[in-house]
Amino acid sequence: MCFRDTFIEEYCGEIYDLDTFEQRRVEYASLGLQHFFFMTLDSDTLIDSTRKGNQSRFINHSCEPNCETQKWTVNGQTRIGFFSIRDIEAMEEITFDYKYENYGDNPQTCYCGTPSCRGTLGGKAAGTASERRRSSGGKRRRVGAAQANQFQDKLSRLLGPDGGLKDEKSTITFMQQLVRTDSTEQRSAQLDVVLATSASVCLESMMRFKILRILRHWLAEANDDAFVLKVRFASLRFEHVFVCPSSEFRGPFRMPVVS
């Protein structure tokens, strides 16, 4: 059995831009390929596992999935992994919602057979790659503002009256968010939380989940003096925090290694 919020597997393949995607799409169509394995990495980049990839490319779509994709920043690179969104029974098929964009006139029929099946895999894509790039500026700004509000809302739920983390459970959730953050603004807000946290159980939990290693990685990427100073101050919060190393430690969440 697989429990909720468990990492399943990373989605791997060739990474390229939208222009190359258009070329590959035409090439695959000319070769008579009926199955493409594209996944969007960000607004201008895709992962193509058609020729190079792992078994995760064979995970099927469902309108009632048991998994979702999550983007994580690891050593400065954005990567996509599959995570369970509910408990999954043994021998149950792994599925996720493709949120597919149809680039032809005929949408693909969905055969998931779930009670809430939409009938097709997603909707029609809006224009060509060049058209999407021209219209992406304003859309990106709107999405950016919404994501910033969502980030702040998620962060505030974890905090106590003093602005620091409340307990070990909130610390684990905080660390999950910490390794996925890639903007200086969001990282700065998370550093404020670290600096405001005084509960020893929270500081020890952060140490178990290798926060100093993450902060060293942030320092290597930083080009802002004020941010660098804040990272160094945050690191000092753990100067006298001792966590006994133990192979027997098993938390409710196993943090992916960031080396």
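Predicted model: local features only at pLDDT ≥ 70, side-chain atom pairs only at ≥ 80, totals over all residues.
Residues are numbered from 1 along each chain as its sequence is written, and side-chain values use heavy atoms, with hydrogens and water left out.

**The chain as a whole**

- The chain holds seven helices and 10 strands; these are DSSP runs numbered from the N terminus, with helices (H or I) of at least four residues and strands (E) of at least two.
- Buried residues make up 34% of the 259 in the chain, where buried means under 20% relative accessible area with a 1.4 Å probe, protein chains only.
- Looking at contacts with a separation of 6 or more, 68% come from residues 24 or more positions apart (contact means heavy atoms within 4.5 Å).

**The three-stranded sheet**

- Three strands make an open sheet in the order β1-β7-β6, and the pairing is antiparallel (two strands pair if DSSP finds at least two bridges between them).
- β1 (7–10) and β6 (67–74) are at the edges with a single partner strand each, so one side of each has no neighbour in the sheet.
- On average, neighbouring strands here are turned by 35 degrees against each other, direction ignored; axes are lines fitted to C-alpha atoms, for helices over the stretch in contact, and angles run from 0 to 180 degrees between N-to-C directions.
- β6 pairs with β7 (residues 77–84) over eight bridges, in the antiparallel sense.
- Within that pairing, Lys71 sits opposite Ile80, and Thr73 has Thr78 as its bridge partner.
- The two strands β6 and β7 form a hairpin with two residues between them, and Asn75 in the turn has a positive phi of about 50 degrees.

**The α4/α7 helix pair**

- α4 (residues 184–196) packs on α7 (residues 225–236) at about 30 degrees, with the axes 10 Å apart.
- That makes the two helices α4 and α7 roughly parallel, a label for angles under 35 degrees.
- Residues of α4 in the contact include Arg187, Leu191 and Leu195, and those of α7 include Phe227, Lys230 and Phe233.
- By type, the residues of the α4 contact with α7 are seven nonpolar, two polar and three charged.

Methods. Parallel < 35°, antiparallel > 145°, perpendicular 65-115°, else oblique. Nonpolar A, V, L, I, M, F, W, Y, C, P; charged D, E, K, R; others polar. Buried < 20%, exposed > 50% of the residue type's maximum accessible area, 1.4 Å probe, protein only.
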